[in-house]
Amino acid sequence: MEFRDQVALVTGGAAGIGAAVAAALADQGARVAALDVDTDGSERLASQAAPGRIVGFPVDVRDAAAVEAVVNAWSRTSARSECWSASPACCGWGR
Ligand SMILES: NC(=O)c1ccc[n+]([C@@H]2O[C@H](COP(=O)([O-])OP(=O)(O)OC[C@H]3O[C@@H](n4cnc5c(N)ncnc54)[C@H](O)[C@@H]3O)[C@@H](O)[C@H]2O)c1
């Protein structure tokens with residue numbers, strides 16, 4: 001549980017590398033926002049994780065305002081903010 005109580009944001013989180021990163025972070029205790037245009041894939045991934053551990057957001061990462069909105073909302077859900085990013089694009093915050 002290395003990432004317990006931390007929040008993470010993974011772009012392209014519905015499939016492939018992003019989904020693997022999201023699942024690994026969730027397994028380690030993080031709560032993960034998975035941003036992807038594939039909402040079905042995000043929901044499928046979320047359903048396989050512990051309840052609330054992965055939440056899918058239907059976001060095209062080319063839409064900077066939409067990504068920023070999720071970052072702002074998600075970072076407020078924890079006192080500890082960390083970010084890991086994945087394909088197809090990257091964004092991050094942390095301390
Ligand atoms: N898989 C590999 O071995 C490998 C190796 C080197 C580089 N890459 C690169 O890494 C990236 C990801 O690879 P992958 O195998 O995980 O791909 P993938 O197709 O399995 O997963 C990519 C995910 O990104 C999502 N996505 C695509 N465009 C998006 C957008 N604009 N906004 C939000 N989500 C979007 C897709 O819906 C999908 O869920 C690719 O750019 C690939 O070229 C992959």
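Helices (H or I, at least four residues) and strands (E, at least two) are DSSP runs, numbered from the N terminus. With that in hand, let's start. This is a predicted model: local features need pLDDT of at least 70, side-chain atom pairs count only at pLDDT 80 or more, and totals for chains, interfaces and linings use all residues. Residues are numbered from 1 along each chain as its sequence is written.

First, the layout. The chain has three helices and four strands. Along the sequence, they come in the pattern β-α-β-α-β-α-β.

Next, burial. A residue is buried if 20 or more other C-beta atoms lie within 10 Å of its own, exposed if 12 or fewer, and partly exposed in between; the C-beta atoms are placed from the backbone. Of the 95 residues in the chain, 33% are buried.

Now strand E1. How many of the six residues of E1 are buried? Six of the six, so E1 is largely enclosed by the rest of the structure. Gln 6, Ala 8 and Val 10 point one way from E1. Val 7, Leu 9 and Thr 11 point the other way. In general, side chains in a regular strand alternate between the two faces of the sheet.

Who pairs with E1? Two strands pair if DSSP finds at least two bridges between them. E1 and E2 pair in the parallel sense, over five bridges. One of the details: Ala 8 has Val 32 in E2 as its bridge partner. The chain gets from E1 to E2 through H1, and this β-α-β crossover is right-handed. Right-handed has a test: with the strands pointing away from the viewer, the path from the first strand over the helix to the second runs clockwise.

On to E2 and E3. Five bridges join them, and they run parallel. Here Ala 33 has Val 55 in E3 as its bridge partner. E2, H2 and E3 also make a right-handed β-α-β unit.

Back to helix H1, residues 16-27. Which residues of H1 are buried? Gly 18, Ala 19, Val 21, Ala 22, Leu 25 and Ala 26. Just after H1, Gly 29 takes a positive phi of about 105°.

Last, Arg 4, in the segment before E1. Is Arg 4 buried or exposed? Arg 4 counts as exposed, because it has 10 C-beta neighbours inside 10 Å. Its C-alpha is 6.6 Å from that of Gln 28, 24 residues apart along the chain.

Key. Expected span 1.5 Å × (residues − 1).
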